[in-house]
Amino acid sequence: MQTITLKAPSMESQIHIGTEAITARLPVLTAGQKNFVVTDSNVRALYSAWFEKYFSDARIFVLPAGEENKNFSELQAILNEMARAGMHRTSRVFAVGGGVVGDIAGLAAALFMRGVSCVQIPTSLLAQVDSSVGGKTAVDLGGVKNVVGAFYQPCEVLVSSEFLKTLPPREIKCGLGEIVKYAALNAEIFDELERNTGKFDDLDFWASLTGLCIRHKARVVEADEKENGERKSLNVGHTTGHAIELASGLSHGEGVLFGMRIETKIAIEQGVCNRVYGERLLALIDKALAVAPQSVPDFSQIGEAAENARADKKNADDGKIRMAVAKDKGAWTMLDLPFAEYKNCLIKYVK
Ligand SMILES: NC(=O)c1ccc[n+]([C@@H]2O[C@H](COP(=O)([O-])OP(=O)(O)OC[C@H]3O[C@@H](n4cnc5c(N)ncnc54)[C@H](O)[C@@H]3O)[C@@H](O)[C@H]2O)c1
């Protein structure tokens, strides 16, 4: 078992990676207080014996699976259920699922009695390499992603690749969205991906990168927990990704891959991304998109997507769209574009 300590200014998190993370830590973490589990309908159905083994005494809230349920009314339902279950300050919340469960359960833990202990047990590749770490919690509101949320660090994150065995291929691809993002920021991960393009359909290869991705994220979050500077780098591909995700019905990780492709092309055109490096990154993005290929997404609402980007949290008040983009190997920068120019680029590069 590999353990990474994330020393954020607000709180320290222990991240345990390996199949023993569950067997070694979960019995310890569930002992001695009331426990409340948030999971989703798919994970609950697939892992009923697992829940019986580790959470027979806990109250389990089952969220219907899907991003559309990462909303205010489900958040309220979770908080109501926590109150009904008699949870108090010393109780503990366990988020068992993908990024949707992690985000909404983390926010419920942050809000209930102004904060109860939270353990993240990520079960999707995306959640294992990225969303379960770093303390961003949120729900979507009014068609805008993650617009209501809090920074709230989990006390522990237990990452076991055993869960990935039941993950559908399309969800593997979603995880690749965040892994390729790390490749755009970290030279070691970039080289690993370029060296192993023959293994893009090998789950063990992706699981082997978990530690590298989490280590990168932990270092960034330690330096800038509240996203005033370096943490903005973790949004590479996300301004456009979030915008097209909601307008085209793509999953988050797929949106990030398409978003990174579009934003990298914009960055090359604007002269802020080294062209040779940019082409190499684009090749990795295309390779990842080819995993579990699907029919071409519906981009007919791309104008609407541009409007979505207007509401992005990263934008300043000057009406420009702000994106974190790849610049060169292991280097990134912020790029601002006037809205009309951004919209034109989106239409041009979405194909
Ligand atoms: N907090 C952060 O820092 C952060 C970072 C990146 C993404 N996110 C958020 O994460 C969400 C996307 O996460 P996601 O891709 O995990 O989506 P998700 O939680 O919807 O999970 C994807 C699908 O996989 C299923 N699933 C999960 N684990 C499974 C398993 N072991 N076996 C079979 N099926 C399984 C789920 O039921 C769901 O249908 C988005 O809401 C995004 O905004 C948050």
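Student: Which residue just after helix 11 takes a positive phi?

Tutor: This is a predicted model, in which local features need pLDDT of at least 70, side-chain atom pairs count only at pLDDT 80 or more, and totals for chains, interfaces and linings use all residues. Residues are numbered from 1 along each chain as its sequence is written, and side-chain values use heavy atoms, with hydrogens and water left out. Helices (H or I, at least four residues) and strands (E, at least two) are DSSP runs numbered from the N terminus. Just after helix 11, the phi of about 80 degrees belongs to glycine 249.

Student: How many of the eleven residues of helix 11 are buried?

Tutor: Buried means under 20% relative accessible area, exposed over 50%, and partly exposed in between (1.4 Å probe, protein chains only). The buried residues of helix 11 include His238, Gly241 and Glu245, and they pack against elements among which are strand 8, helix 7 and helix 12 (252-269). Helix 11 (residues 238-248) is largely enclosed by the rest of the structure, because the number buried is ten.

Student: Is glutamate 263 buried or exposed?

Tutor: Glutamate 263 is found in helix 12. Leaving aside neighbours within four places in sequence, glutamate 263 is in contact (heavy atoms within 4.5 Å) with residues including His238, Thr239 and Met323. Its relative accessible area is 2%, so glutamate 263 is buried.

Student: Which polar side-chain atom lies 2.6 Å from an oxygen atom of the ligand?

Tutor: The shell comprises 28 residues, each with a heavy atom within 4 Å of the ligand. A polar contact is a pair of N or O atoms within 3.5 Å; within protein, one must be able to donate a hydrogen and the other to accept it, and residues adjacent in sequence count only if both atoms are side-chain atoms. For lysine 145 the distance to a ligand oxygen is 2.7 Å, and for lysine 217 it is 3.4 Å. The atom at 2.6 Å belongs to serine 124.
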